[in-house]
Amino acid sequence: MKGGRKNLKRAAEEEALNLQEGQSVMQVVSLRGSNLIEVLDAGGEKSLALFPAKFQKSMWIKRGSFVVVDERGRDRALESGSKVACIVSQVLFFEQVRLLQRSPEWFALYPYLLVLV
C-alpha cells in the first residue's frame, strides 16, 4: 500500500470533523462521469465539483453521499467561465454524517440537505 493512500484512509477513519475556512459539507446530487460530480450546498444551490484521482480507487461515492468540499476559488473560477466550482477534499462516511446530524447546528446550517434514516 502506498503512503498516500494509507494516510488517506487514516484521515477518513477519524470521527471528528474539523471544517477549515472555505470548506463546507455538501450532498452529492448526481455523478456526471469521469471525475465530476454535482453537489448541493446548504443554500440549495447546485454546482459541479472535481473528485480528485487520489480518491478513485480507495473511496466510492453515490447519489446522496456527503462530502467536504473546498470552495476557496469558487468565485474566481465562475468568473473565468469554468463550470467546476469546487474540489472534494474528504468523503464522509455514514457514522460521521450521523454524528453531524445529531448536532444542534445541523438543521440551522443545512436545511436543504436530506436527513438519513
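Glu38 sits in strand S2, which covers residues 36-40; strands here are DSSP runs of E with at least two residues, helices are runs of H or I with at least four, and both are numbered from the N terminus. The model is a predicted one, in which local features need pLDDT of at least 70 and side-chain atom pairs count only at pLDDT 80 or more, while totals for chains, interfaces and linings use all residues. Residues are numbered from 1 along each chain as its sequence is written, and side-chain values use heavy atoms, with hydrogens and water left out.

- Glu38 is buried, with a relative accessible area of 13%, where buried means under 20%, exposed over 50% and partly exposed in between, using a 1.4 Å probe and protein chains only.
- Leaving aside neighbours within four places in sequence, Glu38 is in contact (heavy atoms within 4.5 Å) with residues including Gln27, Val29, Arg32 and Lys46.

**Barrel**

- Five strands form a closed barrel that runs S1-S2-S3-S5-S4 with mixed pairing, and two strands pair if DSSP finds at least two bridges between them.
- S1 and S4 pair in the antiparallel sense over five bridges, and Gln27 has Phe66 in S4 as its bridge partner.

**Nonpolar core**

- The largest nonpolar core has 14 residues, and Ile37, Val39, Ile61, Val67 and Val88 have the most contacts inside it; such a core is a set of buried Ala, Val, Leu, Ile, Met, Phe, Trp, Tyr and Cys residues joined through side-chain atoms within 4.5 Å.
- The largest share of this core, three residues, comes from S5.
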